Amino acid sequence: MPVVRRKFAGHPEHRKMMMRIQVTQLFKHERIQTTYSKARETARFAERMITFAKRGDPRSKKLVFSFINEKEQIEKLYLELADRFKDRVGGYTRVFRTGWRKGDGAPLAVVELVDNPLTPLPPASQNRAERERKRKEYNEKFKERDDEKIRTLLSAERKVWMPEGERITVVGSLIQKQENLLKNTKGINPV
């Protein structure tokens, strides 16, 4: 049965190098942001490397040393991360969707190691509530500005053509204009 992998529109060597860099940066920073598909693939490779580090046999060491780029991250993997995850059977990484990238709209995600010392990310419901609050503030701010624009437009003259060709001008507030139009200009088509 063939192995299913994500293609990432690149040559296989480029894809492997990209995953090596992503996993190395994940071990270095313990949280990285990338596209959702790359995050899923990075999490898969990172979990394999942590499992190899937990085994500790020569073959596993060879695989880890051939995959990870930086010596400091290999040391961190064997000395810190393998000890941190020694009681955990799997599930060393977590992937969060964070939104969409500006420009091309690619879905973004954060991949992180579980039990990391970093501050936890807020849940999606908090992000949604925060976006809703900001949207309401934005709407209130611009509603006042739009109301002012409407007032200035309504205070300007409005010209209406009568069917006989006579022109009348209605000036005043919106209520006065509506009353004048209803009283004086029944059956008139405004232009």
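Okay, let's start with phenylalanine 27. Skipping its neighbours within four places in sequence, phenylalanine 27 is in contact with Ala46, Met49, Ile50, Ile68, Gln73, Lys76, Leu77, Leu81 and Leu113. Before I go on, keep in mind that this is a predicted model.

So where does that phenylalanine belong? The largest nonpolar core has 29 residues, and Phe27 is among the four that touch the most other members, together with Met49, Ile68 and Leu77. Which elements give two or more residues to this core? They are H1, helix H2 (36-55), helix H3 (58-67), H4 and strand E3 (107-113). The top contributor is H2, with nine residues.

Let's look at two of those helices, H3 and H4. In general, you describe two packed helices by the angle between their axes and the distance between the axes. Here the axes of H3 and H4 come within 10 Å, and they cross at roughly 140 degrees. The crossing of H3 past H4 is right-handed. If you want to find the contact on screen, pick out Ser60, Lys61, Val64 and Phe65 on H3, then Ile74, Leu77 and Tyr78 on H4. Sorted by class, that contact of H3 with H4 has five nonpolar residues, one polar and one charged. And you've met Leu77 already, as one of the core residues that touch the most other members.

Now for the charges. How many salt bridges does the structure hold? There are eleven, and I'll walk you through a few.

Take glutamate 30 and lysine 76: their side chains meet in a salt bridge, 3.2 Å from N to O. Glutamate 30 sits in the loop between helix H1 (12-29) and strand E1 (31-35), while lysine 76 is in helix H4 (residues 71-84), so this pair ties together parts that are 46 residues apart in sequence. Are these two buried or exposed? Remember that buried means under 20% relative accessible area. Glutamate 30 comes out at 4%, so it is buried, and lysine 76, at 17%, is buried as well.

Glutamate 30 has another partner. Arginine 84 forms a salt bridge with glutamate 30, and the closest N and O atoms are 2.9 Å apart. This pair also links distant parts of the chain, with arginine 84 in helix H4 and glutamate 30 in the loop between H1 and E1, 54 residues apart. Arginine 84 counts as partly exposed, at 23% relative accessibility.

For another kind of pair, go to helix H5 (residues 124-155). Glutamate 132 and arginine 135 both lie there, three residues apart, about one turn of the helix. They form a salt bridge too, with the closest N and O atoms 2.3 Å apart. Glutamate 132 has 33% relative accessibility and counts as partly exposed; arginine 135, at 41%, is also partly exposed.

One last stop, and it takes us back to glutamate 30. Proline 117 lies in the loop between E3 and H5, and it is exposed, with a relative accessible area of 69%. What does proline 117 touch, not counting residues up to four places away in sequence? It touches Glu30 and Arg84. Proline 117 and glutamate 30 are 87 residues apart in sequence, yet 8.7 Å apart in space, C-alpha to C-alpha.

That's my tour, thanks!

Key: Residues numbered from 1 in each chain as written. Predicted model: local features only at pLDDT ≥ 70, side-chain atom pairs only at ≥ 80, totals over all residues. Heavy atoms only, no water. Salt bridge = Lys/Arg side-chain N within 4 Å of Asp/Glu carboxyl O. Helix = DSSP H or I, 4+ residues; strand = E, 2+ residues; numbered from the N terminus. Buried < 20%, exposed > 50% of the residue type's maximum accessible area, 1.4 Å probe, protein only. Core = buried A, V, L, I, M, F, W, Y, C linked by side-chain atoms within 4.5 Å. Contact = heavy atoms within 4.5 Å. Axes fitted to C-alpha atoms, helices over the stretch in contact; angles between N-to-C directions. Left-handed = near helix turned anticlockwise from the far one by under 90°. Nonpolar A, V, L, I, M, F, W, Y, C, P; charged D, E, K, R; others polar.
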